[in-house]
Amino acid sequence: MRILIDATPLQTGHRTRGIGTYTRELLKALLALDRTNHYLLVAHGEEHASSPALAELGPLPANASLVRLPRPPLGRLAAFASHQLALPALLRGQRADLFHAPGFVAAFSVPGVPWHCPLPLVVTLHDFIPLHLPALFNDKTINRVWYRQQMRLASRASRLICVSQATRQDAMRFLGAPAERCAVIYEGVDRTVFHAAPPDQPPASSPYVLFVGGDYPNKNRPAALAAFARLTQATTLPHHLVLVGRDDAPAEALAQTAPGLDLRRVRRVQEASQAELARLYRQADLFLFPSTCEGFGLPLLEAMASGAPVVASTASSLPEVAGPAALLVDPHDVAGLAAAMLHVLADRALHARLRAAGLARAAQFTWQAAAEQTLAVYGRAAR
């Protein structure tokens with residue numbers, strides 16, 4: 001097969017988020033696994049695989065090459081021009097067996113599924129969070145219209161890859177997609193980056209609970225702050241709370257969100273490299289993930305692979321990913337979240353069991369397995 005894959009998520013602001021991580025890791029796994037099919041990677045203005053945006057893929061093998069997609073300098077209209085105008089023309093000119101769009105989001109300025117695809121189309125569905133949490137549309141009509149259109153385009157795909165059973169159920173509900181066209185393929189974790197600390201590595205100088213997700217509404221940071229405030233008020237545990245992710249709120253706003261919160265015990269990391277995030281996972285005494293809605297939940301998997309015991313929510317896909325390796329609590333139950341945190345931090349035998357269970361659970365999710373299953377989907381789509 002000649003397989004066209006949209007690699008432009010590696011060139012946008014989503015490079016370090018879910019769709020970018022998925023695109024990068026799946027491409028790496030496919031190119032390492034498959035030497036039979038030919039891969040055509042669609043990229044903006046890139047003529048060499050050593051360009052900064054694609055360097056993380058490493059040297060391309062002989063059965064892979066780049067296809068240049070024009071990106072007019074039109075500001076917020078650039079993604080529309082490249083993917084809704086230029087991309088269909090590019091697809092018509094390629095002798096390929098299928099095209100894989102690795103995802104779409106509720107933002108008009110981010111590349112997505114092309115309005116016309118003359119090839120068999122495979123679309124990866126990461127989540128339907130904007131439909132569960134309409135606040136993510138930011139009250140912009142254009143984003144609502146854009147997202148509905150992207151959903152309609154995805155519903156016509158030959159095959160849909162869903163990153164969890166929860167996302168598959170949403171695809172059948174919101175897109176009306178037949179079950180036989182929806183394949184569940186779990187994401188993986190890069191164990192060269194996310195791995196447990198060696199036994200002789202000293203613990204963090206100050207123990208901390210880690211939260212990853214910034215102020216995105218689905219990440220449920222207010223509940224994390226409130227639960228941590230309860231924990232520190234009710235116990236003498238010395239832990240701090242480390243918040244990782246985009247966050248524009250002033251410190252006073254955090255205090256108002258969670259009455260009784262001691263801001264001296266809260267540290268915010270606005271941006272963290274992959275290596276820094278991995279270090280934070282490894283040294284965390286607990287990972288807290290009270291999200292109200294996820295398509296998969298990569299932070300949870302990364303935390304387990306790094307040896308951090310996990311307290312997570314019972315929402316959407318998280319029970320699928322965590323299995324029996326985490327304590328799961330209703331994301332709206334602040335008292336329950338605080339009690340679960342105390343249980344793990346105070347009971348070191350439970351702490352050790354959850355750490356071991358998380359490492360074993362994370363080992364079941366690999367990008368190689370995702371690549372193998374994706375190849376099978378490609379074969380069905382190209383028939």
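A: Contact here means that heavy atoms lie within 4.5 Å of each other. The model is predicted, so local features are described only at pLDDT of at least 70 and side-chain atom pairs only at pLDDT 80 or more, whereas totals for chains, interfaces and linings use all residues. Residues are numbered from 1 along each chain as its sequence is written, and side-chain values use heavy atoms, with hydrogens and water left out. Helices (H or I, at least four residues) and strands (E, at least two) are DSSP runs numbered from the N terminus, and two strands pair if DSSP finds at least two bridges between them.

The part in question is an open sheet of 7 strands with parallel pairing, in the order E3-E2-E1-E4-E5-E6-E7. At its edges stand E3 (64-69) and E7 (182-184), each of which has a single partner strand, so one side of each is left without a neighbour in the sheet. From one strand to the next the twist averages 25 degrees, where axes are lines fitted to C-alpha atoms (for helices over the stretch in contact) and angles run from 0 to 180 degrees between N-to-C directions. E1 (residues 2-6) is joined to E2 (residues 38-44) in the parallel sense over 5 bridges, and Ile3 has Tyr39 as its bridge partner in E2. Helix H2 (residues 78-92) packs on the sheet, where it touches E1, E2, E3 and E4 (98-101), and its direction makes about 130 degrees with that of E3.

E4 pairs in the parallel sense with E1 over 3 bridges, and Ile3 stands opposite Leu98 of E4. E4 and E5 likewise pair in the parallel sense, over 3 bridges, with Phe99 having Leu121 in E5 as its bridge partner. In a regular strand, side chains alternate between the two faces of the sheet. In E4, Leu98 and His100 point one way and Phe99 and Ala101 the other way, and all are buried, a term that means under 20% relative accessible area, with exposed meaning over 50% and partly exposed in between (1.4 Å probe, protein chains only). Helix H13 (residues 367-381) lies across E1, E2, E4, E5 (121-125), E6 (159-162) and E7, and runs at about 165 degrees to E6.

Thr8 belongs to the loop between E1 and helix H1 (18-33) and is buried, with a relative accessible area of 0%. Apart from neighbours within four places in sequence, Thr8 contacts Val42, Ala43, His44, Leu69, His83 and Pro111.

Two loop residues other than glycine have positive phi values. Asn220, with phi near 65 degrees, lies between E8 and helix H6 (221-234) and counts as buried at 10% relative accessibility. Ser316, with phi of about 40 degrees, lies between E12 and H10 and counts as partly exposed at 34%.

Val334 is placed in helix H11 and, leaving aside neighbours within four places in sequence, is in contact with Ala223, Ala226, Ala227 and Arg230. The axes of H11 (residues 334-346) and H12 (residues 348-362) come within 5 Å and cross at roughly 95 degrees. The two helices are therefore roughly perpendicular to each other, on a scale where angles under 35 degrees count as roughly parallel, over 145 as roughly antiparallel, 65 to 115 as roughly perpendicular and the rest as oblique. His343, Val344, Leu345 and Ala346 of H11 meet Arg348, Leu350, His351 and Leu354 of H12. By class this contact has 5 nonpolar, 2 polar and 1 charged residues, where Ala, Val, Leu, Ile, Met, Phe, Trp, Tyr, Cys and Pro count as nonpolar, Asp, Glu, Lys and Arg as charged, and the others, Gly among them, as polar.
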